[in-house]
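Here are my notes on the pockets and on one residue. Please read them with the model open.

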Amino acid sequence: MKIDISFEGGKKVAATFENGLQLMTDQAIENGGDGAYPEPFACFLGSIGTCAGIYVLEFCNARKIPTEKVSLTQDIEFELDPQGKRRVSKVSMTINLPPEFPERYQKAIVKAAELCSVKKAIMHPPEFVVNYQVL
């Protein structure tokens with residue numbers, strides 16, 4: 001997969017995927033941006049919840065369980081590392097189920113959410129390589 005990154009003015013940065021879809025980011029006003037889009041790290045954190053969400057959605061769809069009243073809440077905890085920089089220490093996710101959600105699927109839907117590929121990538125991180133080329 002190839003993703004092209006471009007600068008869109010101010011502190012806006014775009015990621016354009018092979019299929020032409022774009023993910024826009026910006027910096028918060030207090031960080032010198034316009035606050036028009038989420039910051040890159042917020043997109044990363046949001047990708048964890050939305051990834052788990054698609055597994056929950058597919059779980060429900062496969063069982064014809066209505067999802068209008070189903071949602072997820074993600075809580076992020078931070079701590080300071082030994083150098084004094086803030087880092088994510090815990091990601092907690094709660095699947096909010098309505099009273100009519102079938103009891104027999106309550107534990108299984110948690111297992112479905114745990115299949116999230118973003119979470120798996122964090123648990124088993126890839127190698128990162130940064131190069132340059134002069135065009």
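1. This is a predicted model. Start with the largest pocket. Its lining has 17 residues. Those nearest the pocket centre are Ile48, Val91, Ser92, Met93 and Lys119.

2. Helix H1 (40-62), strand S5 (86-96), helix H2 (106-113) and helix H3 (117-123) each give two or more residues to the lining of the largest pocket.

3. The volume of the largest pocket is about 410 Å³. By class, its lining holds 14 nonpolar, 1 polar and 2 charged residues.

4. Now the second largest pocket. Its volume is about 290 Å³. Leu23, Cys43, Phe44, Ser47, Val118, Ala121, Ile122, Pro126 and Phe128 line the second largest pocket. Here the elements that give two or more residues are H1 and H3.

5. How does the lining of the second largest pocket divide by class? There are 8 nonpolar residues, 1 polar and no charged. The lining of the largest pocket, for its part, includes 2 charged residues.

6. Thr25 deserves a separate look. Thr25 sits in strand S3, which spans residues 22-25. Is Thr25 buried or exposed? Thr25 counts as buried because its relative accessible area is 8%, and the cut-off for buried is under 20%.

7. Which residues does Thr25 touch, leaving aside neighbours within four places in sequence? Thr25 is in contact with Lys11, Lys12 and Val13, with Tyr37, Pro38, Glu39 and Pro40, and with Cys43.

Conventions
Residues are numbered from 1 along each chain as its sequence is written. This is a predicted model: local features need pLDDT of at least 70, side-chain atom pairs count only at pLDDT 80 or more; totals for chains, interfaces and linings use all residues. Side-chain values use heavy atoms; hydrogens and water are left out. Helices (H or I, at least four residues) and strands (E, at least two) are DSSP runs, numbered from the N terminus. Buried means under 20% relative accessible area, exposed over 50%, partly exposed in between (1.4 Å probe, protein chains only). Contact means heavy atoms within 4.5 Å. On a 1 Å grid over the protein atoms alone, a cavity is a set of points where a 1.4 Å probe fits but cannot get out, and a pocket is an open set with protein on both sides within 12 Å along at least five of seven lines; lining residues have an atom within 4 Å of a point. Grid points are joined across faces, edges and corners, and a volume is the space filled by probe spheres set on the points. Ala, Val, Leu, Ile, Met, Phe, Trp, Tyr, Cys and Pro count as nonpolar, Asp, Glu, Lys and Arg as charged, and the others, Gly among them, as polar.
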